[in-house]
Amino acid sequence: MGTRSAGGSVPHGEQKLYEELGELARFVERAMKAISEASPGILSSSAQLPTASGHLRDLNKMTEEGTLEVMRLTEMIQDNRDRMTKELTAVIAHLQTADGVKLAERLQYVTGVMVEDGKHLTEIMTALSFQDLVAQRVKKLVAILDEVQSKLVELVVIFGIQQHEENTGAEGTAGDLLKQLEESKTTAMKQQVADDILVQFGFK
Amino acid sequence: MPADPNMKILVVDDMVTMRRIVKNILKQLGFANIDEAENGQEALQKLRGDTYGFVVSDWNMPVMTGIDLLRAIRGDEKLKAIPVLMVTAEAQQSNLVEAVQAGVSNYIVKPFTAETLQEKLGKIFK
């Protein structure tokens, strides 16, 4: 350890140390100031993330419901098609024995068209697998958002960011968009409700 | 040996829409005896409780994944001979290799067509 000189000046080694400590203190102060300035945004984002995740989960539900409805109708058409094919086959056999050859040929053609449509219906069903692929990606996005939120919460805890009542959840464009999404959940009307209201206003 | 149209088939996927698609295609191919499970664990319980001739399984599922289900099937004396077809969005070569090493009977990558499923069935049950 060095000793002060007779003139009172700080030894070079210690001077360097004081300068570095000073630089470090200034760095910490700048970092704390930056975090403090960012804290309303961090708190806002942290509060918005669960809502954003919820909307992504809703997307899964909505695409699933739409897909299942299309499937239900497709399956009904497939079943009807199967019944009609059986009926036509029986009619064709009968007509052939009763010498209704031309008529039988036309019915055979109709049966062929129905078989083609059957393939198209199956293709519709398999095309609906888009919902599964969308849902898997959404699940991964939700997991990412959950992790980001968890990290933000860590930041809040580590740096002791203070939450002010007026700064929760509704900041900026993201906040406005989330508000719109939330409203669409509760205020979007089904057609029957709209029709009932129109009737009340005299619409026929 | 060709596929028995009366054999009991288990379709395993956590997405109800995907189970319905696979079930629909199998029905179009003449298989009417189809059961469903939402994850590998539920599938394993059903497989151990009844006689199944074929399993069609997804990979990514909660509770127990398809690859773990496959390993459990191949490790079970009663179940190890059941053909297992993986139908999955996991399209990496490493996934396919892992499934082959675990004893998968064939592998389909989503999105798929009915023709592909039929072709794989034909290869498994030729």
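This is a predicted model: local features need pLDDT of at least 70, side-chain atom pairs count only at pLDDT 80 or more; totals for chains, interfaces and linings use all residues.
# Helix packing in chains A and B

User: How far apart are the axes of α1(A) and α1(B)?
Analyst: Axes are lines fitted to C-alpha atoms, for helices over the stretch in contact, and angles run from 0 to 180 degrees between N-to-C directions. For α1(A) and α1(B) the axis separation is 10 Å.

User: Is the crossing of α1(A) and α1(B) left-handed or right-handed?
Analyst: A crossing is left-handed if the near helix is turned anticlockwise from the far one by less than a right angle, and right-handed if clockwise. The crossing of α1(A) and α1(B) is left-handed.

User: How many charged residues does the contact of α1(A) with α1(B) have?
Analyst: Contact means heavy atoms within 4.5 Å. Residues of α1(A) including Glu64(A), Arg72(A) and Asp79(A) meet residues of α1(B), among them Arg20(B) and Lys27(B). Ala, Val, Leu, Ile, Met, Phe, Trp, Tyr, Cys and Pro count as nonpolar, Asp, Glu, Lys and Arg as charged, and the others, Gly among them, as polar. By class there are four nonpolar and five polar residues, and the charged ones number seven.

User: How many helices does chain A have?
Analyst: Helices (H or I, at least four residues) and strands (E, at least two) are DSSP runs, numbered from the N terminus. Along the sequence, chain A reads α-α-α-α-α. It has zero strands, and its helices number five.

User: What percentage of the residues of chain A count as buried?
Analyst: Buried means under 20% relative accessible area, exposed over 50%, and partly exposed in between (1.4 Å probe, protein chains only). Of the 204 residues of chain A, the buried share is 24%.

User: Is Met125(A) buried or exposed?
Analyst: Met125(A) sits in helix α2 (residues 101-127) of chain A. Beyond its neighbours within four places in sequence, Met125(A) is in contact with residues of both chains, including Met71(A), Gln78(A), Arg20(B) and Ile21(B). Its relative accessibility is 0%, so Met125(A) counts as buried.

User: Which residues does Asp146(A) touch, not counting residues up to four places away in sequence?
Analyst: Asp146(A) belongs to helix α3 (residues 130-159) of chain A. It is partly exposed, at a relative accessible area of 34%. With those neighbours set aside, Asp146(A) touches Ser53(A) and Arg57(A).

User: Are α2(B) and α3(B) roughly parallel or roughly antiparallel to each other?
Analyst: Helix α2 (residues 40-49) of chain B packs on α3(B) at about 25°, with axes 9 Å apart. Gly40(B), Ala43(B), Leu44(B) and Leu47(B) of α2(B) meet Leu69(B), Ala72(B) and Ile73(B) of α3(B). The contact of α2(B) with α3(B) divides into six nonpolar, one polar and no charged residues. The angle therefore makes α2(B) and α3(B) roughly parallel.

User: Is the crossing of α3(B) and α4(B) left-handed or right-handed?
Analyst: Helix α3 (residues 66-74) of chain B and helix α4 (residues 93-102) of chain B pack at about 15°, axes 9 Å apart. That makes α3(B) roughly parallel to α4(B). Residues in the contact include Ile67(B) and Leu70(B) of α3(B), and Ala99(B) and Ala102(B) of α4(B). The crossing of α3(B) and α4(B) is left-handed.

User: Is Asn95(B) buried or exposed?
Analyst: Asn95(B) lies in helix α4 of chain B. Leaving aside neighbours within four places in sequence, it contacts Trp59(B), Glu90(B) and Tyr107(B). At a relative accessible area of 10%, Asn95(B) is buried.

User: What is the omega of the cis peptide bond that joins Lys110(B) and Pro111(B)?
Analyst: Most residues other than glycine have a negative phi, and most peptide bonds are trans. Pro111(B) lies in the loop between β5 (106-109) and α5 (114-124) of chain B. For the cis bond joining Lys110(B) and Pro111(B), omega is about -5°.

User: What is the phi of Val63(B)?
Analyst: Val63(B) is in the loop between β3 (54-57) and α3 of chain B. It counts as exposed, at 62% relative accessibility. Val63(B) is a residue other than glycine with a positive phi, near 70°.

Notes. Residues are numbered from 1 along each chain as its sequence is written. Chains are lettered from A and ligands numbered from 1 in the order in which they are written. Side-chain values use heavy atoms; hydrogens and water are left out. Angles under 35 degrees count as roughly parallel, over 145 as roughly antiparallel, 65 to 115 as roughly perpendicular and the rest as oblique.
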